[in-house]
Amino acid sequence: MPTRIPPVLAVLAVTLLLPAAADARPASHLWSTVNVCDTAKAPDTIGIRARMPGDGTRRRMWMRFRTQFYSEDDYAWEYVTSGGRSPWVEVGSAIFAFKETGYEFTFDAPAAGSTFLLRGVVEFQWRSKGGKVVRRTRKFTEPGHRTRGADPAGFSAARCRIEGPAPGASPRIVAP
């Protein structure tokens with residue numbers, strides 16, 4: 001004669017298995033990260049890279065990259081108003097599992113001895129064939145994403161600090 005499992009034990013067994021199932025989920029294809037931050041190859045530059053998931057349709061996917069700076073005066077993140085927003089970039093067809101691209105912003109160097117603390121915000125849109133936005137969202141930059149074009153290789157961060165020259169140091173000369 002088969003043994004019956006009491007309902008309480010069945011619920012407990014399923015509950016114990018849920019965390020393992022949750023860990024087995026595939027990684028999200030919706031993210032953004034800082035992958036370049038004030039390096040020798042890219043001085044006074046923040047590079048933002050993002051990935052967005054397709055939905056298996058013939059919609060088109062678009063991204064727009066924006067930068068924010070941390071205002072010490074207001075203790076808040078504020079959008080960079082001049083030169084801190086990319087045009088909308090068409091990433092490709094939503095028929096694919098995901099698409100990924102990036103954008104770089106170069107700023108004037110901070111004054112000697114000061115810094116800019118920056119982060120990125122990426123706006124995502126899925127548009128119908130006629131161009132109507134059918135879905136939209138946004139993501140702030142976060143660490144932990146492997147990307148192409150990272151400088152240095154493997155770099156991924158939530159924020160970027162652009163350093164001004166040390167007080168009394170000669171300014172950087174950038175060759176044309």
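A charge is said to sit over a ring if NZ of Lys or CZ of Arg is within 6 Å of the ring centre and within 35 degrees of the ring normal. In this predicted model, Arg 127 lies over the face of Trp 62, at 4.1 Å from the ring centre. A search of the whole structure also finds three aromatic pairs.

**Aromatic pairs**

- A pair of aromatic rings is described by the distance of the centres and the angle of the planes.
- Phe 65 and Tyr 103 form a stacked pair, because their ring centres are 6.1 Å apart and their planes meet at 15°, and planes under 30 degrees apart count as stacked.
- Phe 65 belongs to strand 3 (residues 60–71) and Tyr 103 to strand 6 (residues 98–106), so this pair ties together parts that are 38 residues apart in sequence.
- The rings of Tyr 103 and Phe 105 have centres 5.0 Å apart and planes at 50°, and this pair is therefore tilted.
- Phe 65, Tyr 103 and Phe 105 are linked into a cluster by ring pairs.

**Exposure of the cluster**

- Phe 65 is buried, with a relative accessible area of 0%.
- Phe 105 is likewise buried, and its relative accessible area is 3%.
- Tyr 103 is partly exposed, with a relative accessible area of 28%.

**A lysine over a ring**

- Lys 99 lies over the face of Phe 96, at 4.8 Å from the ring centre.

Notes: Residues numbered from 1 in each chain as written. Predicted model: local features only at pLDDT ≥ 70, side-chain atom pairs only at ≥ 80, totals over all residues. Heavy atoms only, no water. Phe/Tyr/Trp six-rings, centres within 6.5 Å; stacked < 30°, edge-to-face > 60°. Helix = DSSP H or I, 4+ residues; strand = E, 2+ residues; numbered from the N terminus. Buried < 20%, exposed > 50% of the residue type's maximum accessible area, 1.4 Å probe, protein only.
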